[in-house]
Amino acid sequence: MIDVINPATEQVIGSVAPGDVDAAVAAARAAQPAWAALSRAERAAHLRALLEAMSAAAPQLAELISAEMGTPLPVARIVQVGLPLTTVRSMIDLLQVPEKPDSIGNSEIYREPAGVVGAITPWNYPLHQTMAKVAPALAAGNTVVHKPSEVAPLSAVRLAELVREAGIPDGVYNVVHGYGDPTGARLAGHPGIDLVSFTGSTGAGRRVAALAAENLTRVALELGGKSANVILPDADLAAAVKVGVGNCYLNSGQTCTAWTRMLVHESRHDEAVQLAAAAAAKYRVGDPADPATRLGPLASAAQRDRVLAYIERGLADGATMAYGGGEVPSVGYYVAPVVFAGVDPGSVIAQEEIFGPVLSIIRYRDEDEAVRIANSTPYGLAGAVWSADREHAVAVARRLRTGQVDINGGAFNPAAPFGGVGHSGYGRELGTYGYEEFTTVKAIQL
């Protein structure tokens, strides 16, 4: 059995048994033809039943995710559970649109299901990352074998129960618990899988892609990030810094899109540091169930130790800790928020994904240098640009090598394509683009 640890209490709160990948794949393969043969309206009806079951269980799901990975309850309710519900709803809406083939000359172009999808998801947003794969995969007519993270698997256990309660046929959604090796590796390299959709670290993504390549299996990868928050000289600095700190610290910094690098013109660097330190001081660390808590624990002892090691590395490499070192509970995997100032853009803390509440503020001399710094990491998942001139901000955003950019704090759009470039992976999730990721294209000549 694999024990599940509450990161706030360090107590075991549940356990899961490692699953049988071969049996799960066989069940998915057996169920896929009948599921694919359903009409769009019939699949929408099944997803609607699942949405209703998930909505009814939303309070329980929020408490479960908060307990298994440490997210403060308000964030768990709004983001960890609210966003997956939105994703399922968007797929139901998409299925309401009649499917019509595209025409090219004497050809009609159809989108058909990929087949059996292997979905491997991480611990930081366990239900959201699951539904970002499962909802569009099922909507498109695929069946799914899902391996959740062993760190936070309990929401997947509950999801499987809700799938059954919703009346979705056996074999359409299958869960196999286990570690990345051997369970995840077996799933990624299984000859019965037609498409692997993976979210996790860049290193693990390389391994998944290599294993899938043995069978020429399609792969979609959503990997790490080191996003830049580019604050141009004419921006509202107070607003840009406040929102930027909040974005960096969301989910205790365990967010792949987090704006962990704040790029500020050299003339405003010191002012930005003061504002960031003041903002960070308002992030109370503590019990996720306490309404006053803004930063819960990190998801595991290993992740806590990793983040603390990066903080020590930042200090050793000459960065200035403008804020940090606050008290944290004696029990639990907590890390106090940190703001580093005067960070060298080539340093380790500015180049590598830390996945904790650590912000690096970096000076730039002019706009071209800001763009160079923003593009200087191997990642390219998200980012931000702030300016009083919206058109100018968009022009700068177009120069950033990244999958998404928010202008002046633009809200996350769950219908927009989500994914990255470079070491942040390839493929897209969410909305129409996410749906199409789980399809193949067929041309029929007339």
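Helices (H or I, at least four residues) and strands (E, at least two) are DSSP runs, numbered from the N terminus. Helix H3 is followed by Gly70, whose phi is positive, near 95°. The model is predicted: local features need pLDDT of at least 70, side-chain atom pairs count only at pLDDT 80 or more, and totals for chains, interfaces and linings use all residues. Residues are numbered from 1 along each chain as its sequence is written, and side-chain values use heavy atoms, with hydrogens and water left out.

**Helix H3**
- The twelve residues of H3 (residues 58–69) should span 16 Å at 1.5 Å a residue, and the end C-alpha atoms are 16 Å apart, which agrees; the expected span is 1.5 Å times one less than the number of residues.
- Ala58, Leu61, Ala62, Ile65, Ser66, Glu68 and Met69 of H3 are buried, that is, under 20% relative accessible area (1.4 Å probe, protein chains only).

**Cysteines**
- A search of the whole structure finds zero disulfides, a disulfide being a pair of cysteine sulfur atoms within 2.5 Å.
- The sulfur of Cys248 has its closest cysteine sulfur in Cys256, 13 Å away, which is too far for a bond.
- Cys248 is buried, with a relative accessible area of 0%, and Cys256 is buried at 10%.

**Lining of the largest cavity**
- Among the 16 residues that line the largest cavity, Ala228, Arg261, Ala374, Ala382 and Thr402 lie nearest its centre; on a 1 Å grid over the protein atoms alone, a cavity is a set of points where a 1.4 Å probe fits but cannot get out, and lining residues have an atom within 4 Å of a point.

Definitions and conventions:
1 Å grid on protein atoms, 1.4 Å probe; cavity = no way out; pocket = protein on both sides within 12 Å on 5 of 7 lines; lining within 4 Å. Buried < 20%, exposed > 50% of the residue type's maximum accessible area, 1.4 Å probe, protein only.
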